[in-house]
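This report describes one protein model. Please consult the sequence and the three-dimensional structure shown here alongside the text.

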Amino acid sequence: MTKHDKAVIGIDLGGTSIKFGLVSAEGNILAKVSRPSNASQGPDAVIEQIKSGVHELLKDDVRVKGIGIGAPGIVNAKKGIVENPPNLPGWGKICVSKILEKEFDKKIFVENDANAAAIGEMVFGAGKDLTSFLMVTLGTGVGGGIVIKKKIFRGDSGAAGEFGHMTIDFNGPKCNCGSRGCIEAYLGINYLTQHVASDLGRHSSSKIFELIDYNLDNLTPLIISKAAKAGDEYAISVITDAGTKLGYAISSVCNLLDITSIIVGGGVAGFGQLLFDSAKASAKERVLKSLRDKITILPAKLSNEAGILGASSLVVYND
Ligand SMILES: [Zn+2]
């Protein structure tokens, strides 16, 4: 007898670890495994780890409809090629779908991880009832995915949706991409915590000091969130400011695309209502009048499992 005929496998390929989930057609995780990426040993080692995780989920006669993979960096979704993903050195261009099709004889779908997160929200999450939306992921980087009329918009080369590198100040702080004032250069976790760390000295009464044990290395978005919830004025201003900047970038997207529903996920989204309220206020302030009352900013639903569920949703979406 076979099990889970309608289930799918989702793979979240990262530089440190690879997470695998066996997921039902409704988006419930039935089993999970993970493997270290072994990235420093080169691409063949990473591919072996991918195969090993999938084999483990497929043991005991489990059968699945297909396998979806969310990968960082540039992905040619049509051809299933993952190109020079950051944090996976020496990778070059690898047709992951061909390799896995040969190994497992299943349909394989590969997508950039930010697009996979957007498709995940469309299939299983907060975007289920939306026709068009922008998905923003606030993590180490700031990712974006554009869904237009229930289809992911990839652009000519698959690079569309780089919301994180929209400039909100052309003289702003330098971003990793080489540009200045990108929204990622304010809201990316490392940029945000570095900014707070260098600013904290001027706010000596902030509760953050106690929460980080007077060690700046312990500073995380969660700590800032905790301090804000405890009424810390400086922490509240950090979150409000982050939300305001996010709203400015969102307003440009709304004006450009006439998309007014925005789903926000990722670690920094844990700032919660304060972030969402200030983002909505500044987006409304800057967007064209005709769109003003339509702007909706929603928290992502897939949260902690966004990687696995986003990857799994690729099979359902492409089916
Ligand atoms: Zn940038």
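The sections below treat the metal site, the strands and their pairing, and selected residues.

The model is predicted: local features require a pLDDT of at least 70, side-chain atom pairs count only at pLDDT 80 or more, and totals for chains, interfaces and linings use all residues. Residues are numbered from 1 along each chain as its sequence is written, and side-chain values use heavy atoms, with hydrogens and water left out.

## Zinc site

The zinc ion is coordinated at 2.0 to 2.3 Å by His165 (ND1), Cys175 (SG), Cys177 (SG) and Cys182 (SG). Donors are here N, O and S atoms within 2.8 Å of the metal (3.2 Å for Na, K and Ca); water is not among the atoms, so sites may look incomplete. The arrangement is tetrahedral because the four donor atoms subtend angles of 105 to 121° around the zinc ion. Four donors count as tetrahedral if all angles lie between 85 and 135 degrees. Along the chain, the donors of the zinc ion follow the spacing H-x9-C-x1-C-x4-C. Histidine 165 and cysteine 182 are 17 residues apart, and each lies in the loop between β11 (151–152) and α4 (184–187). Helices (H or I, at least four residues) and strands (E, at least two) are DSSP runs, numbered from the N terminus.

Histidine 165 is partly exposed, with a relative accessible area of 28%, whereas cysteine 182 is buried, at 0%. Buried means under 20% relative accessible area, exposed over 50%, and partly exposed in between, with a 1.4 Å probe and protein chains only.

## Strand pairing

The table lists strand pairs; two strands pair if DSSP finds at least two bridges between them.

| Strand pair | Sense | Bridges |
|---|---|---|
| β1 (residues 8–13) and β2 | antiparallel | six bridges |
| β2 and β3 (residues 29–36) | antiparallel | seven bridges |
| β9 (residues 133–138) and β10 (residues 142–148) | antiparallel | six bridges |
| β9 and β12 (residues 261–265) | parallel | four bridges |

Strand β2 (residues 17–23) is mostly covered, five of its seven residues being buried. A hairpin through three residues joins β1 to β2, and aspartate 12 stands opposite lysine 19 in β2. Leucine 22 has alanine 31 in β3 as its bridge partner.

A further group of five strands forms an open sheet in the order β11-β10-β9-β12-β13, with mixed pairing. Its edge strands are β11 and β13 (296–299), each of which pairs on one side only. Within this sheet, β9 is mostly covered: five of its six residues are buried. A hairpin through three residues joins β9 to β10. Methionine 135 stands opposite glycine 145 in β10. Valine 136 has glycine 144 as its bridge partner in β10 and valine 264 as its bridge partner in β12.

Most residues other than glycine have a negative phi, and most peptide bonds are trans. Asparagine 84, a residue other than glycine, has a positive phi near 40°; asparagine 84 is placed in the loop between β6 (81–83) and β7 (93–95). Lysine 150, likewise not a glycine, has a positive phi of about 70°. Lysine 150 lies in the loop between β10 and β11 and counts as partly exposed, at 34% relative accessibility.

## Surface patch and a helix residue

Which residues form a nonpolar patch on the surface? Ile148, Phe153, Leu256 and Leu257 do, with about 370 Å² of accessible area together. Patches are made of residues with over 30% relative accessible area and no salt bridge; like charges are joined within 9 Å and nonpolar side chains (Val, Leu, Ile, Met, Phe, Trp, Tyr) within 5 Å. A salt bridge is a side-chain nitrogen of Lys or Arg within 4 Å of a carboxyl oxygen of Asp or Glu. Accessible areas come from the Shrake-Rupley method with a 1.4 Å probe; for residues, only the protein chains shown count as cover. Leucine 257 belongs to helix α8 (residues 233–257) and is partly exposed, with a relative accessible area of 32%.

Proline 43 is placed in helix α1 (residues 43–58) and counts as buried, at 18% relative accessibility. The C-alpha atoms of proline 43 and threonine 260 are separated by 40 Å, the two residues being 217 residues apart along the chain.

Terms used. Four donors count as tetrahedral if all angles lie between 85 and 135 degrees; four count as square planar and six as octahedral if opposite donors are over 155 degrees apart and all others between 65 and 115; anything else is irregular.
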